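Trainee: Please walk me through this two-chain model. I would like to start with the contact between the chains.

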Amino acid sequence: MAIAEVKRLAQALSKEYNSPNADLAKCGQYLSQLKIALIELSYLTHENKHDNIEELTLARDVLEIGAQWSIRTKDIPSFERYMAQLQTYYNDHSNLPASPLKYNLIGLNLLCLLSQNRISDFHTALETIDPEQLHNNPAIQHSIKLEQSLMEGSYNRVWSSRSDVPSKEYLFFIDILMDTIRNEIASCSEKAYTSLPLKDAGTLLFFTNMEDILNFAKERKWKVNPGEQKAYFHSDSDEKINIPADQIIKQTMFYARDMDRIV
Amino acid sequence: MSEAPRRSTRLNKNQEDDSKAKAKPADQDVEMEDTAAKAETTPENKVLGVKELEALAIADIKQHFVLFTKSAKTHEARFAIRALRSVSSLRKRLTSAVLARTITSSYGKDDESRSRLLGYLGSEALGSITPEDETVASKVETPEVDVYLHLLVMIFLLDQGQLEKGIELSNVTVKMVQDLNRRSLDQLAAKVYFYYARFYELSERLAEIRPTLLNAQRTATLRRDDDTQSTLINLLLRNYFHYNLYDQADKLVSKTTFPENATNNQLARYMYYLGRIKAIQLEYTESHQSLLQAVRKAPQNNVTAGFQQEANKLLIIVQLLMGEIPERSLFRQPVLRKALVPYFQITQAVRVGDLNKFQETLAAHAATFNADKNYTLILRLRHNVIKTGIRMISLSYSRISLRDVCLKLHLDSEEDAEYIVAKSIRDGVIDATIDHEKGYMRSKENVDIYSTNEPQHAFHQRIGFCLKLHNDSVKAMRFPLKAVNQDAAEVEAARDQERTLVQEIAEADEDMDEDHGDL
């Protein structure tokens, strides 16, 4: 397929994708067609990478749309694949014209890692970002702030970060993140409180109606006292401390053997 | 592109450190060159000193030739290693005249290498060739000597800062080493790759040589060529780090095994790189171990100051991230004191759990931290500061309202404080409960530690350590063979040899890290 043909397809894709009520299935078709077409260009082979700036830019733009499209179709593995391919274009082809979407997508990728609790990948990805952008780019800062609040435990701030997302694609991941956080808060509360009024538990967990709270309480196996409207957490104080006989015997035998060896 | 500014700051730092580390030898070079230049103009009988020095250097090089030839013939690596060890002391005495004379006397007149090497030395050097050099000219016997001469010229060009020429020559030499494909070249090859990468690094073209290095690394691994392998792994890691490609670096580490017989210097570097990768991946315990090893394995002298500083900076941060406070004496060491000032202030902020002070220090030294590539790591400390703060509060108050916690820690709101306290309780930072209705936090009474299994655990750890130490020492003991039959004279001779060897090693250690002093 000639480059003109691919270009035509790419334009059709971006037109379809950017239209207000985009047909996502159709975009998907375009994308798979384009990927086949790009293989014939220099999309996968990087031997003489400095030559085809036009082709490479085209490939990058297609991949960027692909990444965004995967989020709209809520397909995380596909998003990760697109991001992995884009990394090469962002890091190794410094001669390409800069993409306006670059940092937005990198920010999304960070959030994606965060929502899956892959903190070490998150930090590794963070290191590859230019320090200047790291401090000033709103898309990147958003993810960094989020991670900080998560580590500290300021879940309130995570919740409020919903309102100031850099672009609407972020909401998808933040919603996933909220579920994770809710479980975090619940496990913290179990340890920190002996009992908690249901209404307050609701505010802590960002629930608005009582039914959700009760369902959630059931899921976490909290004892709910309907009369007092309070949830009780099982305390761990009545746990007995057993003497770890097995372990101690093993250790003592180990000492005896080694002492024997020395003497 | 956007990477440019960072790269340039890194470069500046590199050069700074480099010049610091090399200040001494470089000065000497300049001095000697001045005198060498004078030597050509003044009558010969007055400057016997310079001539003698030259002659000595040439004699040394010739001596190395013999060693290399011997090593190639007997298939014994130790002769080559011995020659390479003294390269560092020779390096200070290298001048264009010495090199030119050695080259002319070592190659035949029409040899290709001769004209090439002389070409790199410049016209000034040609003037110093004396007729007797030409007459004694004999054919180079082995390729080892050929490669060694190339290496010497490379080192000379590096000291002179002639990067363009250096890149050209190193390309030729690397090609030569790969084409020759001789096991006796292993030790030389490691050195050649080292300077090859160094030239590219100083010219900001590191990304280009990655495929070459990877290829060479594969070959070296297949041949179990420990020296080249360890050098190349470190070069590749350094290469990835230069562009912050920690992901790739991590994959390289997980796919390769670092040779056990590598020299201490290479091992120290490798441990430092490993520590950094692990720190970024939040595996602080492993990172801490690697960094400790790096610091201990590195030669403790002024030449390696750059490396020591970098490794210690990282070590301090990792210790803080683990919740430990580095020892005060570390910051007082003369080599480290100045470089560690910003890190000292950060440590103080973390120790007292003062969030405001932490932010101030961070802002004040942001540029330093960025240059050290430690900024993101330090950002992570923020939540350690909060944790320390909460622990202090929990220890000092048996009951405190969440509002006061919020004020003391400078948090945004009471709700935030509640979440944070709850999380610290879950993470085991403090032992307390929160009363939500009345809005306070109550610390639990201290439990008697001796009623738990904790002492048993600590006891086991210590005994285990002692036993391991004993077993390791037993394994490490060596007994001389046939020691009884040896003559007293032989023993004396062996001792003498050992003494010179030890001295050479010490000298080599001092110089090994000059080039990577900054790491």
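Trainee: How many residues do chain B and chain A bring to the contact?

Mentor: This is a predicted model: local features need pLDDT of at least 70, side-chain atom pairs need 80 or more, and totals for chains, interfaces and linings use all residues. Residues are numbered from 1 along each chain as its sequence is written, with chains lettered from A and ligands numbered from 1 in written order. Two residues are in contact if their C-beta atoms, placed from the backbone, lie within 7 Å. On that basis, chain B brings 39 residues and chain A 37 residues.

Trainee: Which helix of chain B gives the most to the side that touches chain A?

Mentor: Helices are DSSP runs of H or I with at least four residues, strands runs of E with at least two, numbered from the N terminus. Several elements of chain B each supply at least two residues, including helix 1 (4–41), strand 2 (432–435) and helix 25 (454–476). With nine residues, the top contributor is helix 24.

Trainee: How are helix 12 and helix 13 of chain B oriented to each other?

Mentor: Axes are lines fitted to C-alpha atoms over the stretch in contact, with angles from 0 to 180 degrees between N-to-C directions. The axes of helix 12 (residues 210–222) and helix 13 (residues 226–242) of chain B come within 9 Å and cross at roughly 150°. Angles over 145 degrees count as roughly antiparallel. Helix 12 and helix 13 of chain B are therefore roughly antiparallel.

How values were computed:
Parallel < 35°, antiparallel > 145°, perpendicular 65-115°, else oblique.
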